[in-house]
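Subject: Structure handover

Hello,

Here is the structure you asked to have passed on. My notes on it follow below.

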Amino acid sequence: MTSAEASRAFRAPERLDRLEGTHREVLAAAYENVAGMNQVHRACLAVLEPEDFAGFLRVLTHDVAMILGVEVIRLGLEAPTVAPGSSLGPQGPLRDAVVALPEGGADAYARQGRGLAARKVTLRKVGSGAEILFGVDADGIRSEALLRLDLGAGNLGGLLAFGAADGHRFHPDQGTDLLTFFGGVFERALRRWLA
């Protein structure tokens with residue numbers, strides 16, 4: 001056996017180990033994607049169930065939050081005649097589920113001073129001004145997913161905000177396809193209550 005053949009034979013197990021490691025990583029990512037898809041599908045079905053607006057908000061802030069593994073969900077609706085951050089929700093435990101944003105506030109919060117156009121879904125660490133959406137819960141929120149909402153003709157903009165205590169739960173490098181899909185389903189469900 002030549003030295004080149006011996007070197008190749010020696011490296012073969014290393015290459016096989018790397019190949020097996022890559023295979024395991026691909027399988028783990030595939031399982032994670034399937035699990036994420038199942039979560040979003042369950043969340044979509046949950047927001048379609050309620051028979052009244054209070055039930056819709058209860059499912060959103062409790063059931064959907066548990067399904068998606070986030071601590072807080074807030075619905076921000078642009079309401080120029082109401083002080084930003086004020087509650088728009090019904091009295092009682094759902095009072096803080098819906099908060100007022102100024103006109104253009106959904107895009108402004110999603111951009112946070114950057115000159116870029118706001119994306120449909122923004123994933124990031126929480127920055128300044130989080131208390132406008134999360135209120136007293138803002139101190140415990142480290143990362144957020146923001147879904148801009150198109151509520152149809154005649155309605156101002158809105159924003160669905162998921163807040164997580166884990167600072168790495170939402171970050172800009174993550175894919176947004178599933179949250180974009182959820183946002184589309186949520187918009188359609190919400191329009192029914194705004195009509």
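Two strands are said to pair if DSSP finds at least two bridges between them. Helices (H or I, at least four residues) and strands (E, at least two) are DSSP runs, numbered from the N terminus. The model is predicted, so local features need pLDDT of at least 70 and side-chain atom pairs count only at pLDDT 80 or more, while totals for chains, interfaces and linings use all residues. Residues are numbered from 1 along each chain as its sequence is written, and side-chain values use heavy atoms, with hydrogens and water left out.

Overall layout

The chain holds five helices and five strands, in the order α-α-β-β-α-β-α-β-β-α along the sequence. Of its 195 residues, 37% are buried, where buried means under 20% relative accessible area, exposed over 50% and partly exposed in between (1.4 Å probe, protein chains only). A contact means heavy atoms within 4.5 Å. Among contacts with a separation of 6 or more, 61% are between residues 24 or more positions apart.

Strands

β5 pairs with β1 in the antiparallel sense over six bridges, and Val-72 has Gly-163 in β5 as its bridge partner. β4 also runs antiparallel to β5, joined by seven bridges; here Glu-144 stands opposite Gly-163. β3 and β4 pair antiparallel over five bridges, with Thr-122 opposite Leu-146 in β4.

β5 is mostly covered, with seven of its seven residues buried. Gly-158, Leu-160, Phe-162 and Ala-164 point one way from the strand, and Leu-159, Ala-161 and Gly-163 point the other way. Four of the five residues of β3 are buried, so β3 is largely enclosed by the rest of the structure.

Ala-164 belongs to β5 (residues 158-164) and is buried, with a relative accessible area of 1%. Leaving out residues up to four places away in sequence, Ala-164 touches Glu-71, Gly-140, Ile-141, Arg-142, Ser-143, Arg-169 and Phe-170. Its C-alpha atom is separated by 9.9 Å from that of Ala-138, 26 residues apart along the chain.

Cores

In soluble globular proteins, nonpolar side chains tend to be buried together. A nonpolar core here is a set of buried Ala, Val, Leu, Ile, Met, Phe, Trp, Tyr and Cys residues joined through side-chain atoms within 4.5 Å. The largest one has 36 residues, and Val-64, Leu-160, Phe-162, Phe-182 and Phe-186 have the most contacts inside it. At least two residues of this core come from each of α1 (3-48), α2 (53-68), β1 (72-78), β3 (121-125), β4 (143-149), β5 and α5 (177-194). α2 supplies the largest share, eight residues.

Phe-182 touches Val-40, Ala-43, Cys-44, Val-47, Val-64, Leu-147, Leu-160 and Phe-162, not counting residues up to four places away in sequence. A second, separate core of 14 residues includes Tyr-109, Ala-130, Leu-133 and Ile-141.

Pocket

On a 1 Å grid over the protein atoms alone, a pocket is an open set of points where a 1.4 Å probe fits, with protein on both sides within 12 Å along at least five of seven lines; lining residues have an atom within 4 Å of a point. The largest pocket is lined by 20 residues, of which Gly-36, Arg-169, Gln-174, Gly-175 and Leu-178 lie nearest its centre. α1 gives the most to this lining, with eight residues.

Regards
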